Amino acid sequence: SFLLLLVFGAAARPTMETGLGSVKHVVLVLSGKGGVGKSTVATQLALALEARGNKVGVLDIDLCGPSMPRMFGLEGRDVQQGDAGFVPVFVNEKKSLAVLSIGFLLKNKADAVVWRGPKKNSMIKQFVTDVFWGELDFLIIDTPPGTSDEHISIVEALQTAKANLDGAVLVTTPQQVAVADVRREITFCRNVHVPILGVVENMSGFACPCCNEVTNVFSSGGGERLAASCEIPFLGKIPLEPKLSKSEEEGSNFIQLFPDSAAFAAVSGVVDGLLPAGRSVVE
């Protein structure tokens with residue numbers, strides 16, 4: 001099958017544009033805990049950066065639970081293979097936002113990826129070296145929860161490829177059970193020498209769909225306290241937002257549709273923390 005060819009077939013000869021040679025900034029999105037909205041944060045960061053004039057790519061290495069095709073409204077689309085490597089799927093006609101996920105390679109959405117470590121490692125290595133991204137300002141890499149095979153493989157592959165890895169954005173929810181696992185992710189980053197760009201506290205309060213007032217239904221501030229105790233930047237809080245959830249279910253562009261929402265303001269604040277003065281890095 002095409003999927004097996006991608007993992008075990010002959011790789012295209014690397015060029016400056018195949019792999020990450022023409023990518024200015026690579027950002028990992030990590031969390032030690034599942035269910036904290038890591039893919040949501042990765043998606044909205046990509047959309048917000050693209051809205052500011054950047055060319056952005058999204059690489060989904062959550063091999064067992066790929067969600068990017070749905071979140072970007074790309075289900076049913078196929079990855080193409082060209083002379084220079086595998087071509088990601090473009091979200092828009094101007095080709096300013098591209099996505100690559102194993103979800104594009106499965107015959108149907110119910111297929112399970114039942115692989116041991118070596119196959120996962122091969123897949124991730126090819127995603128790093130054999131994809132024709134072209135020139136990108138940012139590559140956002142969405143990862144599965146934890147600190148295991150996929151995480152070690154992506155860090156090693158990026159380091160081998162001499163990628164311009166800016167560092168990692170760590171995602172947590174306010175609850176202590178999530179914060180404790182993200183603390184382990186901080187230890188992982190320090191052990192493998194990945195800079196930590198900051199912590200995002202997701203699902204922090206509920207944004208009223210009528211007035212945008214944010215109410216702390218559950219606890220709040222866990223991510224902020226974690227960042228302070230570990231002496232790393234705190235990038236901001238993103239509230240639970242019904243419009244955001246609906247947008248991702250439908251694969252629509254939340255950043256374009258709801259610029260007056262509380263979640264939009266929160267995501268913009270996170271991007272401001274990643275970019276100097278919140279400006280585009282386009283030269």
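A residue counts as buried when its relative accessible area is under 20%. The model on screen is a predicted one.

**Stop 1: helix H10**

Select residues 262–274, which form helix H10. Its buried residues are Ala 262, Ala 263, Ala 266, Val 267, Ser 268, Val 270 and Val 271. Next, check the length of H10: its 13 residues, at 1.5 Å a residue, should span 18 Å, and the C-alpha atoms at its ends are 19 Å apart, which agrees.

**Stop 2: helices H6 and H7**

Select residues 176–191 for H6 and residues 222–230 for H7. The two helices pack at an angle of about 35 degrees, and their axes are 10 Å apart. Their crossing is right-handed. To see the contact, show the side chains of Gln 176, Val 179, Val 182, Arg 183, Ile 186 and Arg 190 in H6, which meet Gly 222, Gly 223, Arg 225, Leu 226, Ser 229 and Cys 230 in H7. Sorted by class, this contact has 5 nonpolar, 4 polar and 3 charged residues.

**Stop 3: the nonpolar core**

Select Leu 28 and Leu 158. Within the largest nonpolar core, which has 82 residues, these two touch the most other members. H2 supplies the largest share of this core, 7 residues. In soluble globular proteins, nonpolar side chains tend to be buried together. Keep Leu 28 selected and look beyond its neighbours within four places in sequence: Leu 28 is in contact with Ile 141, Thr 143, Ile 154, Val 155, Leu 158, Leu 165, Gly 167, Ala 168, Val 169 and Val 194.

**Stop 4: Ser 39**

Select Ser 39, which is found in helix H2. Is Ser 39 buried or exposed? Its relative accessible area is 11%, so Ser 39 is buried. Apart from neighbours within four places in sequence, Ser 39 is in contact with Ser 67, Met 68, Met 71 and Asp 142.

**Stop 5: Gly 32**

Finally, select Gly 32, in the loop between strand E1 (23–30) and H2. Again leaving aside neighbours within four places in sequence, Gly 32 is in contact with Pro 145, Gly 146, Asp 181, Val 182 and Glu 185.

Technical notes. Residues numbered from 1 in each chain as written. Predicted model: local features only at pLDDT ≥ 70, side-chain atom pairs only at ≥ 80, totals over all residues. Heavy atoms only, no water. Helix = DSSP H or I, 4+ residues; strand = E, 2+ residues; numbered from the N terminus. Expected span 1.5 Å × (residues − 1). Buried < 20%, exposed > 50% of the residue type's maximum accessible area, 1.4 Å probe, protein only. Axes fitted to C-alpha atoms, helices over the stretch in contact; angles between N-to-C directions. Left-handed = near helix turned anticlockwise from the far one by under 90°. Contact = heavy atoms within 4.5 Å. Nonpolar A, V, L, I, M, F, W, Y, C, P; charged D, E, K, R; others polar. Core = buried A, V, L, I, M, F, W, Y, C linked by side-chain atoms within 4.5 Å.
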